[in-house]
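Take a look at the model below.

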Amino acid sequence: MNIIDILKEGAMGSTSSVLNMAKIIIPLMIVIQVLKDLDILSKLARKMKPLSKFLGISEDSTFPLIIGLILGLSYGAGVIIDSAKEDHLSKKDLYLVIIFLVACHSVFEDTLLFVAIGANGWFLLSVRLIVALVLTSITARYIDKILSKKRIHL
Amino acid sequence: MSENCLKSQSINKNDGNKWNYKQTIIKGTKSGLKTTWELTKIIVPVYFVVTFLKHTFLLEFISNVFKPFMNIIGLPGEAAIVLVLGNMVNIYAAIGAIATLTLTPKEITIIAVMLSFSHSLFMETAVAKKTGINVLIILTIRLSLALASGLILNILL
């Protein structure tokens, strides 16, 4: 195998990978823009309030949770910082929302990118969501003890 | 994904006026193209480098070094490159490497689950830190989830 063949393989393979990704990313970004412009995520967050009880977070925390879950960690963190300034989020909520989000965020983009290269998308999405839900609700049960002990400097 | 600025301010509030859907489609397409460009900048060089490794003894060498550990999580040795790129750089880099290597659907699914728990550690940990959270806890959670899911999926799948 000489260098020309390697370059050719690299050029053709990477071009087809990028085109594959573009076919997914561009329509996805249009859908996400629709969600943003129609303010659908805050409506969704209001609907999710029953879930907040299961997760052990305050009702106000569902908005940053949904934003991070769908738009990504940086958007979610931005909303968290804003809400923390306005004093809507307790330290407990902050930890629980971030723990949920590090396990599971930008679900559409990440899932579809992996589907494009051959992963099982439904499996991937369900594992992430279930792990995030279970991890957060378990942490919620013990977080008061952990925060009051302050053995860990939070 | 690659911007490390916090983007909450760019979330538009609808004023209840008529929805300008053309504007939405244009904006969405632009951000789609921007993301495509971001991933192109990463996938292309990664693809070239891994293709080069594949045709030299280097990939085999890397593969042999990582084989004992990678076999525990049901992956071939060369998939270590994917995990390292995904955690140190981002998912785009990992995808570039996956596309270059020959992996089975089972292996790709294991990698996808592991990487979706733990990826872009430098960038995302910096973002999480801005909220005032203890990053050590976050890193521990992410890496343990990734490792545990690899171990479990290798047995289940």
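## Helix 5 of chain A

Two residues are in contact if their C-beta atoms, placed from the backbone, lie within 7 Å. Keep that in mind for what follows. The model is predicted.

Start with helix 5 of chain A. Its buried residues are Leu73(A), Ser74(A), Tyr75(A), Gly76(A), Ala77(A), Gly78(A), Val79(A), Ile80(A) and Ser83(A). What covers them? The cover includes helix 4 (62–71) and helix 6 of chain A. It also includes helix 6 (121–129) of chain B.

Now check the length of helix 5 of chain A. The helix has 13 residues, and at 1.5 Å a residue it should span 18 Å. The expected span is 1.5 Å times one less than the number of residues. The end C-alpha atoms of helix 5 of chain A are 18 Å apart, so the two agree. After this helix comes Asp87(A), with a positive phi near 70°.

Gly76(A) sits in helix 5 (residues 73–85) of chain A. Why does Gly76(A) count as buried? It has 31 other C-beta atoms within 10 Å, and 20 or more make a residue buried. Set aside its neighbours within four places in sequence. Gly76(A) is then in contact with Pro64(A), Ile67(A), Gly68(A), Leu101(A) and His105(A). Ile6(A) lies elsewhere: Gly76(A) and Ile6(A) are 70 residues apart in sequence and 42 Å apart in space, C-alpha to C-alpha.

Ala140(A) belongs to helix 8 of chain A. Ala140(A) counts as buried because it has 20 C-beta neighbours inside 10 Å. Leaving aside neighbours within four places in sequence, Ala140(A) is in contact with Leu55(A), Gly56(A) and Leu96(A). Look at Leu55(A). It is 85 residues from Ala140(A) along the chain, and their C-alpha atoms are separated by 6.8 Å.

## Helix 1 crosses helix 7

In chain A, the axes of helix 1 and helix 7 come within 10 Å. They cross at roughly 155°. Angles over 145 degrees count as roughly antiparallel, and helix 1 and helix 7 of chain A are therefore roughly antiparallel to each other. Their crossing is right-handed.

Which residues make the contact? Helix 1 of chain A brings Asn20(A), Met21(A), Ile24(A) and Leu28(A). Helix 7 of chain A brings Phe108(A), Glu109(A), Leu112(A), Leu113(A) and Ala116(A). By class, the residues of this contact are 7 nonpolar, 1 polar and 1 charged.

## Where chain A meets chain B

How many residues of chain A are in contact with chain B? The number is 52, and they touch 54 residues of chain B. Five helices of chain A each supply at least two residues of this side: helix 1 (3–37), helix 5, helix 6 (91–103), helix 7 (107–116) and helix 8 (121–149). Helix 1 of chain A gives the most, with 18 residues.

What classes of residue make up the side of chain A that touches chain B? It has 34 nonpolar, 11 polar and 7 charged residues.

## Chain B

Chain B has 7 helices and 0 strands. From the N terminus on, its elements run α-α-α-α-α-α-α.

Chain B has 157 residues, and 42% of them count as buried. Next, take the contacts in chain B with a separation of 6 or more. Residues 24 or more positions apart account for 67% of them.

Notes: Residues numbered from 1 in each chain as written. Chains lettered and ligands numbered in written order. Predicted model: local features only at pLDDT ≥ 70, side-chain atom pairs only at ≥ 80, totals over all residues. Helix = DSSP H or I, 4+ residues; strand = E, 2+ residues; numbered from the N terminus. Buried ≥ 20, exposed ≤ 12 C-beta atoms within 10 Å, placed from the backbone. Nonpolar A, V, L, I, M, F, W, Y, C, P; charged D, E, K, R; others polar. Axes fitted to C-alpha atoms, helices over the stretch in contact; angles between N-to-C directions. Parallel < 35°, antiparallel > 145°, perpendicular 65-115°, else oblique. Left-handed = near helix turned anticlockwise from the far one by under 90°.
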